[in-house]
Amino acid sequence: MPRIYPIKKPAIGSALFLGAALLLSGCGVLSSKDNGAEAMGIDTSGPPAFSLEVDAPKQVRELLEKHLELRRFRFQPDLQRRELTRLLGATDANVRELIGTLGYFSPTVTVELSDTPEEDAEAPRKVVVKVDPGPPTLIEESKVGFTGPNAGDDLGLSQRLQIEETWPLKPGEPFTQSAWSGAKNGGLKELQKRRYPLARIDSSLADIDADTNRARVNVSYDPGPAYTFGPLQMEGAERYDPVRTARIARLPQGQEYDLQAMLDAQQRLVGSGYYDSVFLTLADAPQQAQGAGAADGDAQRQETAITSPVIAKVREAKLQKWVFGVGASTDTGARLSVDHIYNKVPGLDWRAVSKLQLDRRNPLISTQLTGLPDADLWRWFTSAKLERAPAGDFYTNSAQLRFGRAKAEERIERNMYLQYDYAKTQGSGAPPGASSLLANYGWSARYFDNNILPTAGFGLAVEGGAGTTLTPQRTPFGRVTGRWLSLIPLGERDEETKRHSRLQLKASVGAVMAKKDVDLPTTIMFLTGGDNTVRGYGYQTIGARTDNGRVIAGRYLAMGSVEWQRPIAIKGNTQDFEHALFIDAGTVGDDFNRMYMRVGMGTGLRWKSPVGPIQADLAWGAQDHRLRLHLRLGFTF
């Protein structure tokens with residue numbers, strides 16, 4: 001695609017500007033101090049043939065020190081004065097080419113050469129390049145247009161408006177090559193990420209008038225054909241059912257092409273455990289969609305869009321895998337774990353994930369079997385778990401069995417299951433052991449902008465169930481829980497990091513409704529406190545109270561948190577760190593009149609690591625009068 005940068009006379013070096021703009025991105029071989037000489041096979045260990053100094057404003061100086069052609073010859077052995085003079089003569093044009101990319105087209109360039117002083121024959125010759133860049137070029141006119149058959153497509157109107165409204169090159173702004181390239185490519189990506197995967201730049205022009213230091217820029221995009229998703233086709237599938245595993249991706253077949261939807265589908269397949277690698281792409285030979293039978297609201301889209309199958313090129317995971325892990329938590333301390341994954345259990349073709357966790361406070365052994373989704377995306381599952389866990393001032397040994405179905409859609413997840421619980425709490429004054437059977441239904445919605453590193457959006461989850469205790473007596477009961485989390489961007493972007501601060505609001509409630517004298521398994525009741533709940537308190541240390549004042553699981557829970565998250569820069573990194581201030585509060589009890597709020601407050605640091613957000617918080621428990629450190633990995637809702 002041609003890039004044309006005409007410059008009106010009497011600009012010096014105008015013919016070289018286009019070449020410099022195109023070649024500048026390839027100058028990376030000169031990026032470090034002496035890479036240019038090393039790339040030419042020149043020994044840089046010896047004395048330099050000359051020293052080089054650039055006298056210019058900071059932005060210009062940094063560019064020239066990195067890309068100036070002259071610096072490649074500093075260690076050229078036996079460099080004669082005549083050859084050096086020739087190189088200096090070409091430096092003027094080289095400087096103009098380079099700083100033209102910054103929008104300076106009327107510079108004053110002076111190149112000075114100082115010979116070796118007589119009193120020090122070993123001192124190298126010195127070259128000083130002085131540059132007065134002159135006035136910057138300002139944008140006088142900036143236009144964005146669209147061409148081609150889909151230039152007026154009604155269903156693409158929002159994309160065109162988005163490109164026009166967010167176009168960064170406004171009249172009066174300085175012109176630079178990087179800003180010009182970034183603006184053009186940004187508009188193209190906006191088109192390509194939804195509906196128009198084959199969009200292209202039809203024409204672009206930056207018309208520079210060096211006499212007046214004014215620039216007129218315009219670009220025209222051709223959206224190309226609109227696409228909708230066809231069926232997902234698996235390539236490379238051998239061990240696992242390609243039809244049912246394709247349902248895990250939840251690709252929105254029949255809807256318009258969306259790059260993020262493809263990336264999400266790809267991530268679901270990778271995260272399923274059936275594949276080591278997955279790459280999704282549109283098929284090379286798309287088929288024209290048929291308008292017949294389309295709903296009225298989709299008629300135009302179906303007549304003009306192309307339906308393309310999506311190809312998933314996969315590399316399957318092994319049938320079995322062992323995973324050994326070492327970890328630590330401020331809640332439960334150090335731990336060792338062993339996981340065994342069997343992707344196709346004989347006779348069932350379900351996936352089994354078994355876990356053994358050796359943890360001083362929270363050892364457990366568990367297994368879960370999950371089937372592949374059926375045509376309506378529901379999948380069967382069953383699980384079993386034996387666990388020893390802290391429960392306030394006691395420890396509880398428990399067993400749990402589940403059997404049910406779950407369905408995951410783009411934003412909504414549903415599950416319904418039958419659950420058996422048995423729990424026996426150890427310790428003097430502990431409640432008796434009990435068991436129960438519970439029929440439960442859960443619903444959750446996640447409307448975050450990113451499920452791994454969210455910066456905005458909200459999540460909501462509710463569960464409700466009815467059941468009966470089995471031992472030591474049979475009594476019906478009900479159980480409900482709810483949780484909510486919201487991320488709200490605040491104000492203007494931070495000037496240094498160019499990111500928003502935000503407010504995180506979180507709340508959880510729960511209740512077990514049963515007769516006052518009935519014994520319930522402690523595992524279906526509530527405790528709070530710890531890294532992900534009320535910071536400033538130990539893990540599961542906020543609960544109800546026994547007659548002798550010891551903490552135990554309770555029937556009612558209420559917890560809330562307010563956290564202010566502010567982007568910060570650390571050692572020049574403006575993208576990956578945030579500072580947080582927070583206040584948490586929570587209470588658990590068996591009687592609404594005897595529930596006492598526990599409050600924790602503090603500060604923390606967030607790091608956007610490659611494996612997810614790492615959070616470190618220092619919190620003061622107002623009632624516990626203790627300062628605690630809380631560490632956790634990943635975003636949890």
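Which residue in E11 is the bridge partner of methionine 234? In this predicted model, the partner is alanine 312.

Let me place that pair in its setting. Strand E8 covers residues 226-235, and strand E11 covers residues 305-316. The two strands run parallel, and eight bridges join them. Seven of the 10 residues of E8 are buried, so this strand is largely enclosed by the rest of the structure.

I turn next to a pair of helices. Helix H3 spans residues 58-67 and helix H4 spans residues 81-100. Their axes lie 10 Å apart, and the helices pack at an angle of about 120°. Angles over 145 degrees would count as roughly antiparallel, and 65 to 115 as roughly perpendicular; H3 and H4 are therefore oblique to each other. Their crossing is right-handed.

As for the side of H3, the residues involved are Val60, Leu63, Leu64 and His67. These meet Val95, Leu98 and Ile99 of H4. By class, the residues of this contact comprise six nonpolar and one polar, with no charged residue.

Is glutamate 190 buried or exposed? Its relative accessibility is 16%, and buried means under 20%, which is why glutamate 190 counts as buried. Setting aside neighbours within four places in sequence, glutamate 190 is in contact with Gln159, Gln162 and Ile163.

Conventions. Residues numbered from 1 in each chain as written. Predicted model: local features only at pLDDT ≥ 70, side-chain atom pairs only at ≥ 80, totals over all residues. Heavy atoms only, no water. Buried < 20%, exposed > 50% of the residue type's maximum accessible area, 1.4 Å probe, protein only. Contact = heavy atoms within 4.5 Å. Axes fitted to C-alpha atoms, helices over the stretch in contact; angles between N-to-C directions. Helix = DSSP H or I, 4+ residues; strand = E, 2+ residues; numbered from the N terminus. Parallel < 35°, antiparallel > 145°, perpendicular 65-115°, else oblique. Left-handed = near helix turned anticlockwise from the far one by under 90°. Nonpolar A, V, L, I, M, F, W, Y, C, P; charged D, E, K, R; others polar. Pairing = 2+ DSSP bridges.
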